[in-house]
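Here are my notes for your read-through. Please keep the structure open as you go.

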Amino acid sequence: MRHDTTGTTWKARAPMTGTAAASVARQEKDIAETVARLRAVFDSGVTRPAAGRRRRLHALRRLLRDHTPAIEEALYDDLRKGRTESHLTEIGGVLAEIEHALRHLDRWMRPRRVAVPMNIRPATARIHPEPLGVCLIIAPWNYPVTLTLNPLVGALAAGNAAVVKPSELAPATSALLADLLPRYVEAVAVVEGAVEETTLLLGQRFDHVFYTGNGTVGRVVAAAAAKNLTPVTLELGGKSPVFVDETADTAVTARRLAWGKFTNAGQTCVAPDYVLVTRAARDSLLDALPRAVHRMFGPDPRTSSDYGRIVDDRHFRRLTGLTAEGELLTGGVCDAEDRYIAPTVLTDVPPGAPVMTEEIFGPILPVLTVRDVHEAVDFVNARDKPLSLYAFTRDRKARRALLEKTSSGGLVYNAPMIHLGVPNLPFGGVGESGTGAYHGRASFDTFSHRKPVLSKPTRPDTLSLVYAPHTSRSFALVAKAVSRTHPLLGRRR
Ligand code: NAD
């Protein structure tokens, strides 16, 4: 399929030639046939039984194990990811998600009985999880394996068929997944491509659309899905702040921040975006940060096999433009040819500078000084709700203030990003950082409909009270029952 990174939809382009129009029509037909084929697979019922779900999860695990070197190579080609990082943040993460799903699948699938109120008894009620149907998973480029396959684990565990659309900005990984996934996992199709192909996909009717990426495209996806009333999960980004105060261990804080910020050259949705440090902790943190960077990547990070590159020229230009304001504490070295930007820390950045108004998504860390946690809370609350909020503090009041007075997709004390490694924690954003969540059970729930199932015997016919004609006796009985169960009326008695 054609790769297009211009960011415009084909509909908005100059008039198409006859050949281009024919090619789009062909693509549209191919995509419609792919979706129809998966719908037929889903409708046949084969994706529903637990054994089949397990088989597909095992197959996905086998794919990862059989092709580990090829996956490492693709990740290196796309993002210059090192081997250890590829295992930590990509292959290992998906394997862990698969293991977790396999271990808990029976429990997740089991219908759950719930209590029935007196006035409906005798009856039994249960919540029965059922698959949604054919799901569309649209993935971004920054963790092109994890962010494509982790949602797929949830979709398969929940008994769905799925179309996967990897990101065109990670072309090596996209091509590899397109080759391998259909060979290993039934009920899954891969459509490669960019805006044009995604637009065509979004013109189809799906039962769920799971999108990971930026909020601008998130809106496009939500609007397209709305036409078919298709539910969406939007895993978006934003600026994830870090608060550091004088009770923190600044040496460890600096190391963890350097790890969180400069892994994958800062191209991580939950990377610390900027730091708010109290005046009392500022000098100590600013002293420790360059040392932490040096310890991780050596005197010249360009030569470190653990340091990545910027995904494309557009992002490279955007990022170098962000270093214009503020004082350089460390880094600042760039090489356009290699798309290399050194781990960079800026201080004294004006809050209105572009680096503070847009998501950085690269290896630049602005550090701003605040009076105390209350100023940090106000700073965070004056902006969009972040995907993650990090706090390095031992002060219980400060922790509580951040917990109770701010809203974010997640809150982690004393370490960035590690909440993604806890499958029992739902992962997702709130407000501008996204809607819906996944990982572990949350993934299963996202890709399932929780169907309420109620069963009531016909005899004795305890519903006779509700049938017309209503008499004064039935009114008295209803009024009594209502006063007994209604919270306000009940309290008055
Ligand atoms: P991207 O450019 O790869 O886009 C994501 C997907 O959307 C791709 O598959 C792409 O083909 C498709 N797409 C792009 N433009 C489109 C359009 N106009 N219409 C339809 N589809 C389109 O990735 P990105 O958006 O640059 O990813 C980075 C953003 O994603 C950051 O904001 C980051 O914070 C966020 N992100 C969030 C998470 C999370 O889990 N919440 C994870 C990773 C990235």
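This is a predicted model: local features need pLDDT of at least 70, side-chain atom pairs count only at pLDDT 80 or more; totals for chains, interfaces and linings use all residues.

1. The protein chain is divided into domain 1 (2–236 + 440–449) and domain 2 (240–428).

2. The C-alpha centres of domain 1 and domain 2 lie 30 Å apart. Domain 1 puts 15 residues into the contact, and domain 2 puts in 21 residues.

3. The size of an interface is often given as the accessible area lost when the parts come together. Here, domain 1 and domain 2 bury about 1,600 Å² between them. Carbon and sulfur atoms account for 51% of that area.

4. Where does the ligand shell come from? Domain 1 and domain 2 each give at least three residues to the shell around the ligand. Among the elements, α7 (195–202), β6 (208–212) and α8 (215–226) each supply at least two shell residues.

5. There are 27 residues around the ligand. Ser167, Glu168, Asn214, Leu236 and Glu359 come nearest. By class, the shell has 16 nonpolar, seven polar and four charged residues.

6. A ligand nitrogen atom lies 2.6 Å from a backbone N or O atom of Leu236. For Ala139, a backbone N or O atom is 2.7 Å from a ligand oxygen atom. Glu359 uses its side chain: an N or O atom there is 2.6 Å from an oxygen atom of the ligand. Taken alone, the ligand exposes 850 Å², and the protein buries 94% of that.

Technical notes: Residues are numbered from 1 along each chain as its sequence is written. Side-chain values use heavy atoms; hydrogens and water are left out. A residue is near a molecule or strand if one of its heavy atoms lies within 4 Å of it. A polar contact is a pair of N or O atoms within 3.5 Å; within protein, one must be able to donate a hydrogen and the other to accept it, and residues adjacent in sequence count only if both atoms are side-chain atoms. Accessible areas come from the Shrake-Rupley method with a 1.4 Å probe; for residues, only the protein chains shown count as cover. Helices (H or I, at least four residues) and strands (E, at least two) are DSSP runs, numbered from the N terminus. Ala, Val, Leu, Ile, Met, Phe, Trp, Tyr, Cys and Pro count as nonpolar, Asp, Glu, Lys and Arg as charged, and the others, Gly among them, as polar. Domain bounds come from an automatic or database domain assignment. Contact means heavy atoms within 4.5 Å. Buried area is the accessible area (1.4 Å probe) that two parts lose on being put together, summed over both.
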